[in-house]
Protein chains: 2
Amino acid sequence: MGVKLTDVAKKAGVSATTVSRVINNYGYLSQKTIDKVHKAMEELNYQPNSMARSLQGKSTQLIGLIFPTVSHPFFGELVSKMETKLFEKGYKTILCDSANNKEKERDYLKMLAANKVDGIIAGAHNLGIPEYENVELPIISFDRHLAERIPIVSSDSYQGGRLATEHLYQRGGRRIAILTGTNESDSPTNQRLEGYLSVVKEHQLEPMVYHFPLEHSPFLKATEIRQILSKEGIDSVFCTDDLTAILVINTARELGLEIPGNLKVIGYDGTEFVQNYHPQLSTVLQPIDQFVDLLIDLLMKRINNPDIELDNLYQLPVKFVQGQTS
Amino acid sequence: MGVKLTDVAKKAGVSATTVSRVINNYGYLSQKTIDKVHKAMEELNYQPNSMARSLQGKSTQLIGLIFPTVSHPFFGELVSKMETKLFEKGYKTILCDSANNKEKERDYLKMLAANKVDGIIAGAHNLGIPEYENVELPIISFDRHLAERIPIVSSDSYQGGRLATEHLYQRGGRRIAILTGTNESDSPTNQRLEGYLSVVKEHQLEPMVYHFPLEHSPFLKATEIRQILSKEGIDSVFCTDDLTAILVINTARELGLEIPGNLKVIGYDGTEFVQNYHPQLSTVLQPIDQFVDLLIDLLMKRINNPDIELDNLYQLPVKFVQGQTS
DNA sequence: AACAATATGTCAAACGAATAACATAGAAGA
DNA sequence: TCTTCTATGTTATTCGTTTGACATATTGTT
């Protein structure tokens, strides 16, 4: 069906081996032949068959990205930037939206192995997938413990939790609540909670912890937030993600609460999206660009040398961003 | 390196052909053998090498998705849903963030051909890429004319423009501005503008058209919006996307303008994100789920029968969503 | 018992490209 | 002129899987 190497050879009037030599740049070649072959390739719009190449032993230049969903601005930005950087390096991206579905994530792992990807960057939120232990592919994890020997890139969530909470305290907050995800011991969200608790304890405040399961729809979350805000005498809220913070702000407005007068709100993530479209929100900024650089650099190292020793954990610093909601 | 078919054969105590027969389900097979082989495959954690399979003639089950960027909520949701649906159908997704970069889009097209994808869904915003004319792969386009014979799935942008503008008029708007993208004759954004112009003309209002190049950063856009809102005596703004509408609302708030009292605002897109986190925004809802279903259904048709005749244009209806900003 | 249907095996040729081994020819240098 | 590069060609093998052709058992049916 498609144009193949032998067609190029015929067109250029050289042997198939010579074409292969040009493509893979080995052996002796005259500039004249190289030009002839390139011309023929262009004229025929020839693309070497990736399947055949990698079957022969060449790498596929494919990378699998396993993340919950690109419909979330945080992961959308992360994935978009990774894809861009990977493409610049000559890699193609297979997108795997794990959608908080264990089965799907397992299937993805199999699929990626079958497709002989060169490596995987995984930042899904499913726990308890023992398959990661057995994957011999280079893997780097974002923000999750997946298995022994798989390095984790994350930010200093504990410090982030402390930063946010301490800031609320300095601003006069004395009844500071935290809205966070489900209580999973090794999740970074939990580290944010730990940071919050440590500051609350230091100042001898009453901890007020509200867990929001990830599966809950924003609508359901908003309902719960409404109850929390109208019942309890809360003066500050630390949300462990920006989207929840936006819900809190919307709800507070509904309830006629002045921000930051009656209620101070801090989010977490600081995506470009939030900085552009919700610049008023105080938040803790995660260094997305640095995540991307580090994740890819580490993966490249593992790909080029599978046995290289890497640290277990790379923790990048976070930054508090002052808006007008606190 | 990896486990291969012959290893499975050895383990199961059958011939390689029999294993292949089990995998591809042809010829005569006893249940006993089938079970034996499956057991061996599981024990060895065997995955057929996709490269070898598709080299042999089997389809790759790969689909390329070319869109501007998943960091934008609209495309993030669209891509996320397509990926999910494709995975359910046994396809893997190669993500191509074209980033409004013609060169990159061209490269992607080559790359997807080299990787022998089964089909492409393209919704990038670059014009003038003649390469699309020559691609023999099944392609379906989202919202853009790419080439002859490539069906376009879109929504009724003209009607959407009319809906929004007419609504603003009914609400008392008499000086209605439109904030839209660059003036590209065959873009759907332009159809929204056409719809706006037709209503403005019907009511003999003065058209006020502001073009915002896509490349402009949100910050720059906000600056321009500030100028527009403070200078001209505008009482209503129709934005051809929701994010711009959010910028307008933010700016109006800054300027102390009451919404919808002093200024009415309508957006366009109505992503789940906006509906959840900006429920107050009046907007024109694009049917993302229907886009996804139709795009994929059409692509499957083309894949299963490359010569099937499809319409040039599939236009889905839009819906006005009343919020509190108009 | 004879014949068909079922179940498996052996063998070989693809798929498209990479590459090693070897041959050959011209050009350059001693 | 003889050697050594340099430049190309020929040929065959390999990658892992699919599949067709053909052979050979083992069943089941009448």
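**Questions on a predicted protein–DNA model**

User: Which helix gives the most to the surface near DNA strand C?
Analyst: This is a predicted model. In it, 26 residues surround DNA strand C, with A:Leu5, A:Gln56, B:Thr18, B:Ser30 and B:Thr33 the closest. Three helices each supply at least two residues of that surface: H2 (16–24) and H4 (50–55) of chain A, and H2 (16–24) of chain B. The one that gives the most, with four residues, is H2(A).

User: How many polar residues does the surface near DNA strand C have?
Analyst: By class, this surface has nine nonpolar and five charged residues. The number of polar residues is twelve.

User: At what distance does a polar side-chain atom of A:Tyr46 lie from a phosphate oxygen of DNA strand C?
Analyst: Phosphate oxygens of DNA strand C have polar side-chain atoms from both chains beside them within the 3.5 Å cut-off for a polar contact. For A:Asn24 the distance is 3.2 Å, and for B:Tyr28 it is 3.0 Å. For A:Tyr46 it is 2.7 Å.

User: Is B:Gln286 buried or exposed?
Analyst: B:Gln286 sits in the loop between strand E10 (283–285) and helix H13 (288–304) of chain B. Among the residues it touches are B:Phe74, B:Arg192 and B:Tyr268, and its side chain makes a polar contact of 2.7 Å with the side chain of B:Ser155. Its relative accessibility is 2%, so B:Gln286 counts as buried.

User: Which class of aromatic pair do B:Phe67 and B:Phe142 form, and why?
Analyst: Over all chains, the structure holds 17 aromatic pairs. In this one, the ring centres are 6.3 Å apart and the planes stand at 45°, so the pair is tilted.

User: How many residues apart are B:Phe142 and B:Phe291?
Analyst: B:Phe142 is buried, with a relative accessible area of 3%. Its ring and that of B:Phe291 have centres 4.9 Å apart and planes at 70°, so the pair is edge-to-face. This pair links distant parts of the chain, strand E4 and helix H13 of chain B, and the two residues are 149 residues apart.

Definitions and conventions: Residues numbered from 1 in each chain as written. Chains lettered and ligands numbered in written order. Predicted model: local features only at pLDDT ≥ 70, side-chain atom pairs only at ≥ 80, totals over all residues. Heavy atoms only, no water. Near = heavy atom within 4 Å. Polar contact = N/O pair within 3.5 Å; in protein donor to acceptor, adjacent residues only side chain to side chain. Nonpolar A, V, L, I, M, F, W, Y, C, P; charged D, E, K, R; others polar. Buried < 20%, exposed > 50% of the residue type's maximum accessible area, 1.4 Å probe, protein only. Contact = heavy atoms within 4.5 Å. Phe/Tyr/Trp six-rings, centres within 6.5 Å; stacked < 30°, edge-to-face > 60°. Lists of a residue's contacts leave out its neighbours within four places in sequence.
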